[in-house]
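Colleague: I am new to this structure and would like to go through its ring pairs and helix packing. Could you show it to me before we start?

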Amino acid sequence: MTKKIAVLPGDGIGPEIIEQAVRVLGALSLDLELETQPVGGAAYDVHGHPLPPVTLELAKRSDAILFGAVGDWKYDNLPREHRPEQAILGLRRALGLFANLRPAVLYPELANASSLKPEVVAGLDILIVRELTGDIYFGQPRGVRLLDDGPFKGERQGFDTMHYAETEIRRIGHVAFQAARKRGKKLCSVDKANVLETSQFWRDIMIDVAKEYPDVELSHMYVDNAAMQLVRAPKAFDVIVTGNLFGDILSDEAAMLTGSIGMLPSASLNASNQGLYEPSHGSAPDIAGKNIANPLATMLSAAMMLRYSLDQSAQADRIEAAVQSVLQQGLRTADIYEEGTTRVSTSEMGDAVLKALK
Ligand code: IPM
Ligand code: MG
């Protein structure tokens, strides 16, 4: 049966890296129908909105979305509802993509790229499961209001609301426990239960969900400590589950541990395994159009797409093996280049992966 893929290249380096990932998908002789639409700033330029109806409709009727990146300094002065970031937030909300999987894996070939000592990070393989449609990101009410009493009476106050409903916590808990079950069977739930009511509730529910997974060891950690432990002894973690805001911060930190954010894919899934797949890095407008960006994270995101949304894990394995092979051959884009390796462009990296696939 033909599977429909929405291809949303976006801004900055998005189009170049997506082009290479699409070449890789094309080489697998799968029954895929790809359709491309603009998103982010590129969509604002054409349609006056970062997530115009043509793009949203395409995403809704697709089995999976392959997403590049959004954002460019030239849109910084737009009102927030028209900024490129609203496209990704809008897709998450509209499609109910509540489960964000962000692996942080250190490839042995790239051990020197980390800013941490090689022995601290060698063999690092952790997975952050970030809740993606709740928390203070989407909580209502929010805005700016006039205070009518208290010490700041008469002043304006900016405010947001953090909340999690029980179902939201349970479903991300199940995703995380199931992921841990397939890996090292250790799950660390990260919260701020010493201060926040939302976090205490989160922790209570996680403890309850854990009863269904006696084979998985659940621990809890406050977010400030987790940030510290991630740089002190990152290999002590297996799977981390956390809310939207803490997950945003910790996943960037975890990605940087590997020293090669250009290598890391991510998946955002809903209850029916429809998913959005994107590299963990951003749109890097400073290097856009120069054919130097690293396309590997996008190719690995395409592999995650095959595995999670299209039930093609053998083909996903093929892409991952091809990426491993080009690294072993010593081929490096500028972001992961070191002396003694061969520097290649975005498109040359694409050529090499295609060759390795054969
Ligand atoms: C991410 C990004 C987004 C987020 C931005 C672009 C809205 O930082 O995917 O981590 O905060 O979730
Ligand atoms: Mg982020």
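**Rings, charges and helices**

Modeller: This is a predicted model. To begin with one side chain, W202 has a relative accessibility of 3%, so W202 counts as buried.

Colleague: Which residue forms an aromatic pair with W202?

Modeller: The partner sits in the loop between β7 (156-159) and α6 (166-181), while W202 belongs to helix α7 (residues 197-210). The ring centres are 5.1 Å apart and the planes stand at 55°, a tilted pair. The partner of W202 is Y164.

Colleague: Is Y164 buried or exposed?

Modeller: The cut-off for buried is under 20% relative accessible area. Y164 has 9% relative accessibility, so Y164 counts as buried.

Colleague: How do the rings of Y44 and Y75 meet?

Modeller: Y44 lies in helix α2 (residues 41-47) and Y75 in the loop between β3 (64-69) and α4 (85-95), 31 residues apart. Their ring centres are 6.4 Å apart, with the planes at 75°. Planes over 60 degrees apart count as edge-to-face. The pair of Y44 and Y75 is therefore edge-to-face.

Colleague: Which residue lies over the face of F159?

Modeller: Two arginines can be named here, each over a ring face. R130 lies over Y137, at 5.3 Å from the ring centre. Over the face of F159, at 3.5 Å from the ring centre, lies R145.

Colleague: How are helix α10 and helix α11 oriented to each other?

Modeller: Helix α10 (residues 296-308) and helix α11 (residues 313-328) pack with their axes 7 Å apart, at an angle of about 160°. Angles over 145 degrees count as roughly antiparallel. The crossing of α10 past α11 is left-handed. With that angle, α10 and α11 are therefore roughly antiparallel.

Colleague: Which residues of α10 make the contact with α11?

Modeller: On the α11 side the contact includes I319, V323 and L327. On the α10 side the residues are L296, M299, L300, A302, A303, L306 and R307.

Colleague: What do the buried residues of α4 pack against?

Modeller: The buried residues of α4 include I88, L91 and L95. Just after α4, G96 takes a positive phi of about 65°. The elements that the buried residues of α4 pack against are β1 (3-10), α3 (53-60), β3, β4 (99-105), β5 (125-131) and β12 (275-279).

Notes: Residues are numbered from 1 along each chain as its sequence is written. Chains are lettered from A and ligands numbered from 1 in the order in which they are written. This is a predicted model: local features need pLDDT of at least 70, side-chain atom pairs count only at pLDDT 80 or more; totals for chains, interfaces and linings use all residues. Side-chain values use heavy atoms; hydrogens and water are left out. Rings of Phe, Tyr and Trp (its six-membered ring) pair if their centres lie within 6.5 Å; planes under 30 degrees apart count as stacked, over 60 as edge-to-face and the rest as tilted. Helices (H or I, at least four residues) and strands (E, at least two) are DSSP runs, numbered from the N terminus. Buried means under 20% relative accessible area, exposed over 50%, partly exposed in between (1.4 Å probe, protein chains only). A charge sits over a ring if NZ of Lys or CZ of Arg is within 6 Å of the ring centre and within 35 degrees of the ring normal. Axes are lines fitted to C-alpha atoms, for helices over the stretch in contact, and angles run from 0 to 180 degrees between N-to-C directions. Angles under 35 degrees count as roughly parallel, over 145 as roughly antiparallel, 65 to 115 as roughly perpendicular and the rest as oblique. A crossing is left-handed if the near helix is turned anticlockwise from the far one by less than a right angle, and right-handed if clockwise. Contact means heavy atoms within 4.5 Å.
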